[in-house]
Amino acid sequence: VPSVFQLQIDLHGVFRAEVLCGLLGARASQTVIIYFSPTKPMPYYRRVACLVHHQEPQFFNLVGTGFTETVRPVSLQPSCIARYIANAHRGLTCLPPEQLKECLTKDVLSSDSDGSILPKPGFRNPCPQPLSRSLPDGSSDYATYLSSEMDPSGFCHISVDTEVLKFGYSTPNHVSEGKVVNVTNHTNGIVTCVWIAGPLEPFRVVPEERDILAGTTASFTVTFRPHTPSQLYVRWLECYTFYKALRDYRLVETMTITPPWCLPVR
(Lines give C-alpha, C1' and ligand atoms only; values in the text may rest on other atoms or scores of the structure.)
Protein backbone atom coordinates (compact mmCIF):
# COMPACT_ATOMS: atom_id res chain seq x y z
CA VAL A 1 0.00 0.00 0.00
CA PRO A 2 1.49 3.44 -0.88
CA SER A 3 2.31 5.63 2.12
CA VAL A 4 2.74 9.39 2.49
CA PHE A 5 5.68 10.55 4.63
CA GLN A 6 6.78 13.92 5.99
CA LEU A 7 9.93 14.95 7.87
CA GLN A 8 9.41 17.29 10.83
CA ILE A 9 12.29 19.61 9.94
CA ASP A 10 12.60 23.07 8.42
CA LEU A 11 14.12 23.96 5.07
CA HIS A 12 16.13 26.76 6.67
CA GLY A 13 17.59 24.99 9.71
CA VAL A 14 21.12 23.87 10.50
CA PHE A 15 20.09 20.39 9.36
CA ARG A 16 17.94 20.47 6.26
CA ALA A 17 16.54 17.71 4.10
CA GLU A 18 16.61 17.66 0.32
CA VAL A 19 13.06 16.28 0.38
CA LEU A 20 10.57 17.03 3.15
CA CYS A 21 7.66 14.87 2.05
CA GLY A 22 6.60 12.41 -0.61
CA LEU A 23 4.72 9.29 -1.53
CA LEU A 24 6.34 5.88 -1.13
CA GLY A 25 5.04 3.15 -3.38
CA ALA A 26 4.29 -0.32 -2.08
CA ARG A 27 7.50 -1.99 -0.83
CA ALA A 28 9.50 0.94 -2.19
CA SER A 29 12.21 3.07 -0.61
CA GLN A 30 13.49 6.59 -1.11
CA THR A 31 16.84 8.16 -0.29
CA VAL A 32 16.72 11.53 1.46
CA ILE A 33 19.92 13.60 1.61
CA ILE A 34 20.47 15.65 4.78
CA TYR A 35 22.67 18.77 4.62
CA PHE A 36 24.53 20.22 7.61
CA SER A 37 25.19 23.98 7.53
CA PRO A 38 26.38 25.23 10.95
CA THR A 39 26.17 28.95 11.53
CA LYS A 40 28.17 29.10 14.77
CA PRO A 41 31.12 27.13 16.22
CA MET A 42 29.27 24.78 18.57
CA PRO A 43 27.93 21.23 18.75
CA TYR A 44 24.56 20.42 17.17
CA TYR A 45 22.15 17.58 17.86
CA ARG A 46 18.59 17.18 16.72
CA ARG A 47 16.22 14.24 16.80
CA VAL A 48 13.88 14.33 13.81
CA ALA A 49 10.50 12.66 13.42
CA CYS A 50 9.42 11.13 10.13
CA LEU A 51 5.63 11.00 10.04
CA VAL A 52 4.19 8.11 8.03
CA HIS A 53 0.52 7.78 7.13
CA HIS A 54 -1.28 5.08 9.14
CA GLN A 55 1.93 4.14 10.99
CA GLU A 56 3.83 5.12 14.10
CA PRO A 57 6.37 7.94 13.52
CA GLN A 58 9.96 6.96 12.86
CA PHE A 59 12.84 8.87 14.50
CA PHE A 60 16.48 9.43 13.65
CA ASN A 61 19.30 11.46 15.19
CA LEU A 62 21.35 14.16 13.49
CA VAL A 63 24.69 15.22 15.01
CA GLY A 64 27.38 17.62 13.86
CA THR A 65 29.93 20.15 15.07
CA GLY A 66 30.75 23.59 13.74
CA PHE A 67 34.22 24.97 14.35
CA THR A 68 36.60 27.73 13.31
CA GLU A 69 40.37 28.16 13.41
CA THR A 70 40.15 29.64 16.90
CA VAL A 71 37.08 27.94 18.42
CA ARG A 72 37.13 24.16 18.80
CA PRO A 73 34.06 22.85 20.61
CA VAL A 74 33.43 19.24 21.54
CA SER A 75 33.13 16.98 18.51
CA LEU A 76 29.86 15.06 18.75
CA GLN A 77 29.73 11.45 17.60
CA PRO A 78 26.71 9.10 17.31
CA SER A 79 28.06 7.13 20.29
CA CYS A 80 27.57 10.25 22.44
CA ILE A 81 23.79 9.88 22.09
CA ALA A 82 23.75 6.31 23.43
CA ARG A 83 25.89 7.33 26.42
CA TYR A 84 23.68 10.35 27.01
CA ILE A 85 20.55 8.19 27.22
CA ALA A 86 22.25 5.78 29.65
CA ASN A 87 23.54 8.63 31.81
CA ALA A 88 20.09 10.30 31.78
CA HIS A 89 18.36 7.13 32.99
CA ARG A 90 20.80 7.19 35.92
CA GLY A 91 19.87 10.79 36.71
CA LEU A 92 23.28 12.20 35.82
CA THR A 93 22.64 14.47 32.84
CA CYS A 94 21.39 17.35 35.00
CA LEU A 95 25.02 17.69 36.15
CA PRO A 96 27.36 19.69 33.88
CA PRO A 97 30.51 18.01 32.49
CA GLU A 98 32.82 19.75 34.97
CA GLN A 99 30.86 18.38 37.94
CA LEU A 100 30.81 14.88 36.45
CA LYS A 101 34.56 15.09 35.87
CA GLU A 102 35.09 16.14 39.49
CA CYS A 103 32.99 13.22 40.74
CA LEU A 104 34.99 10.82 38.55
CA THR A 105 38.22 12.25 39.96
CA LYS A 106 36.93 11.79 43.52
CA ASP A 107 36.06 8.19 42.63
CA VAL A 108 32.37 8.50 43.54
CA LEU A 109 31.48 7.76 39.92
CA SER A 110 32.89 5.12 37.60
CA SER A 111 32.19 3.91 34.06
CA ASP A 112 30.68 0.75 32.64
CA SER A 113 31.82 -1.34 29.68
CA ASP A 114 30.00 0.96 27.24
CA GLY A 115 31.74 4.09 28.49
CA SER A 116 28.68 5.44 30.29
CA ILE A 117 28.94 6.85 33.80
CA LEU A 118 27.97 4.55 36.66
CA PRO A 119 27.24 5.83 40.19
CA LYS A 120 29.04 4.04 42.99
CA PRO A 121 27.36 3.03 46.26
CA GLY A 122 27.04 6.06 48.50
CA PHE A 123 26.94 8.59 45.67
CA ARG A 124 24.50 11.36 46.56
CA ASN A 125 22.89 12.51 43.35
CA PRO A 126 21.66 16.11 43.55
CA CYS A 127 19.05 15.21 40.91
CA PRO A 128 17.83 11.79 42.09
CA GLN A 129 14.35 12.06 40.57
CA PRO A 130 13.48 12.33 36.87
CA LEU A 131 12.80 15.85 35.72
CA SER A 132 9.13 15.85 34.77
CA ARG A 133 8.27 16.81 31.21
CA SER A 134 5.65 19.46 30.59
CA LEU A 135 4.24 21.16 27.52
CA PRO A 136 2.59 24.56 27.10
CA ASP A 137 -1.14 24.77 27.77
CA GLY A 138 -3.24 23.81 24.79
CA SER A 139 -0.78 21.29 23.38
CA SER A 140 -2.40 18.43 21.51
CA ASP A 141 -2.15 14.79 22.58
CA TYR A 142 -0.09 14.15 19.46
CA ALA A 143 2.34 16.95 20.37
CA THR A 144 2.65 15.42 23.83
CA TYR A 145 3.45 12.03 22.29
CA LEU A 146 6.05 13.52 19.94
CA SER A 147 7.65 15.44 22.79
CA SER A 148 8.12 12.26 24.81
CA GLU A 149 9.75 10.55 21.83
CA MET A 150 11.95 13.45 20.73
CA ASP A 151 14.17 13.07 23.80
CA PRO A 152 14.47 9.34 24.54
CA SER A 153 16.11 10.12 27.89
CA GLY A 154 12.65 10.89 29.29
CA PHE A 155 13.92 13.99 31.10
CA CYS A 156 13.10 17.65 30.67
CA HIS A 157 16.42 19.49 30.99
CA ILE A 158 15.43 22.67 29.15
CA SER A 159 11.92 23.93 28.46
CA VAL A 160 10.21 26.74 26.55
CA ASP A 161 6.88 28.22 27.55
CA THR A 162 5.39 28.17 24.04
CA GLU A 163 5.63 26.02 20.94
CA VAL A 164 3.83 28.28 18.42
CA LEU A 165 4.00 32.04 17.84
CA LYS A 166 1.35 33.66 15.66
CA PHE A 167 2.08 37.15 14.37
CA GLY A 168 -0.93 37.59 12.10
CA TYR A 169 -0.84 40.12 9.28
CA SER A 170 1.96 42.67 8.86
CA THR A 171 2.86 45.08 6.07
CA PRO A 172 6.15 44.48 4.18
CA ASN A 173 9.33 45.70 5.88
CA HIS A 174 7.40 46.62 9.00
CA VAL A 175 8.67 45.09 12.23
CA SER A 176 5.82 43.63 14.24
CA GLU A 177 5.40 43.89 17.97
CA GLY A 178 7.74 41.43 19.67
CA LYS A 179 6.56 38.25 21.34
CA VAL A 180 8.43 36.86 24.35
CA VAL A 181 9.68 33.29 24.63
CA ASN A 182 10.92 32.11 28.03
CA VAL A 183 13.56 29.38 28.22
CA THR A 184 14.08 27.62 31.57
CA ASN A 185 17.21 25.75 32.63
CA HIS A 186 16.24 22.79 34.84
CA THR A 187 19.80 21.48 35.18
CA ASN A 188 22.49 22.13 37.79
CA GLY A 189 24.90 23.82 35.39
CA ILE A 190 25.26 26.94 33.28
CA VAL A 191 23.95 26.46 29.75
CA THR A 192 24.36 28.54 26.61
CA CYS A 193 21.21 29.16 24.61
CA VAL A 194 21.67 29.91 20.89
CA TRP A 195 18.87 30.73 18.44
CA ILE A 196 19.49 29.95 14.78
CA ALA A 197 18.10 32.74 12.62
CA GLY A 198 19.86 34.40 9.71
CA PRO A 199 20.03 38.21 9.34
CA LEU A 200 17.76 38.10 6.27
CA GLU A 201 15.15 35.85 7.86
CA PRO A 202 11.67 37.36 8.38
CA PHE A 203 11.75 36.16 12.01
CA ARG A 204 14.44 37.49 14.35
CA VAL A 205 15.29 36.61 17.95
CA VAL A 206 16.89 39.07 20.39
CA PRO A 207 19.25 38.29 21.93
CA GLU A 208 20.39 35.47 19.65
CA GLU A 209 22.61 33.99 22.34
CA ARG A 210 22.96 34.15 26.12
CA ASP A 211 23.96 32.05 29.11
CA ILE A 212 21.31 30.78 31.51
CA LEU A 213 22.24 29.99 35.09
CA ALA A 214 21.12 26.78 36.77
CA GLY A 215 17.48 26.80 37.78
CA THR A 216 16.72 30.15 36.14
CA THR A 217 14.71 31.42 33.17
CA ALA A 218 15.81 33.72 30.35
CA SER A 219 13.52 35.73 28.08
CA PHE A 220 13.95 36.22 24.34
CA THR A 221 11.98 38.50 22.02
CA VAL A 222 10.87 37.30 18.58
CA THR A 223 9.86 39.82 15.90
CA PHE A 224 8.40 39.37 12.43
CA ARG A 225 9.32 41.49 9.40
CA PRO A 226 7.90 40.23 6.08
CA HIS A 227 9.79 41.10 2.91
CA THR A 228 7.03 40.77 0.31
CA PRO A 229 3.24 41.26 0.40
CA SER A 230 0.60 38.56 0.00
CA GLN A 231 2.85 35.76 1.22
CA LEU A 232 2.60 33.30 4.08
CA TYR A 233 5.63 32.81 6.34
CA VAL A 234 6.27 29.73 8.45
CA ARG A 235 9.56 28.81 10.15
CA TRP A 236 10.89 26.46 12.78
CA LEU A 237 13.11 28.67 14.95
CA GLU A 238 15.75 26.33 16.37
CA CYS A 239 16.86 26.96 19.93
CA TYR A 240 20.03 24.98 20.70
CA THR A 241 20.96 24.84 24.38
CA PHE A 242 24.06 23.12 25.74
CA TYR A 243 26.36 23.09 28.74
CA LYS A 244 28.79 26.00 28.46
CA ALA A 245 31.79 23.69 28.90
CA LEU A 246 31.07 22.11 25.50
CA ARG A 247 32.44 25.28 23.90
CA ASP A 248 35.98 23.95 24.46
CA TYR A 249 36.89 20.31 23.81
CA ARG A 250 39.70 20.54 26.36
CA LEU A 251 37.21 21.02 29.21
CA VAL A 252 35.19 17.86 28.58
CA GLU A 253 35.97 14.15 28.63
CA THR A 254 34.24 11.79 26.23
CA MET A 255 32.09 10.05 28.82
CA THR A 256 30.85 13.35 30.32
CA ILE A 257 29.53 14.80 27.04
CA THR A 258 25.87 15.72 27.09
CA PRO A 259 24.65 16.70 23.59
CA PRO A 260 22.71 19.94 23.03
CA TRP A 261 18.96 20.09 23.38
CA CYS A 262 17.12 21.48 20.36
CA LEU A 263 13.81 23.18 21.13
CA PRO A 264 12.11 24.30 17.91
CA VAL A 265 9.47 27.02 18.11
CA ARG A 266 7.12 27.34 15.16
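Let's start at Pro 264, which sits in strand S16. Strands (E, at least two residues) and helices (H or I, at least four) are DSSP runs, numbered from the N terminus. This is a predicted model, where local features need pLDDT of at least 70 and side-chain atom pairs count only at pLDDT 80 or more, while totals for chains, interfaces and linings use all residues. Residues are numbered from 1 along each chain as its sequence is written, and side-chain values use heavy atoms, with hydrogens and water left out.

**The whole chain**

- The chain has three helices and 16 strands.
- Of its 266 residues, 43% are buried, where buried means under 20% relative accessible area, exposed means over 50%, and partly exposed is in between (1.4 Å probe, protein chains only).
- Take the contacts (heavy atoms within 4.5 Å) with a separation of 6 or more: residues 24 or more positions apart account for 63% of them.

- The mean pLDDT, the predictor's confidence in each residue from 0 to 100, is 86 for the chain, and 89% of the residues reach 70 or more.
- Confidence is lowest in helix H3 (residues 141-150), with a mean of 52, and highest in strand S13 (residues 209-212), at 96.

**Helix H1**

- Helix H1 covers residues 78-89, and its buried residues are Cys 80, Ile 81, Arg 83, Tyr 84, Asn 87 and Ala 88.
- An α-helix has 3.6 residues a turn, so residues three or four places apart point the same way.
- The buried residues of H1 pack against strands S5 (43-52), S6 (58-65), S8 (117-119) and S16 (261-265).
- After H1 comes Gly 91, with a positive phi near 70 degrees.

- Phe 220 is in strand S14 (residues 217-224) and is buried, at 0% relative accessible area.
- Leaving aside neighbours within four places in sequence, the contacts of Phe 220 include Lys 179, Cys 193, Trp 195, Val 206 and Pro 207.
- Phe 220 and Val 206 are 14 residues apart along the chain, and their C-alpha atoms are separated by 5.7 Å.
- Pro 264, in contrast, is partly exposed, at 27%.
- With neighbours within four places left out, Pro 264 is in contact with Arg 46, Trp 236, Leu 237 and Glu 238.

- A cis peptide bond joins Val 206 and Pro 207, with omega about -10 degrees; Pro 207 lies in the loop between strand S12 (203-206) and S13.
- Arg 27 isn't a glycine, yet it has a positive phi of about 55 degrees. This residue is in the loop between S3 (21-24) and S4 (34-36) and is exposed, at 89%.
- Asn 173 isn't a glycine either, and its phi is positive too, at about 65 degrees. You'll find Asn 173 in the loop between S9 (158-160) and S10 (179-185), partly exposed at 48%.
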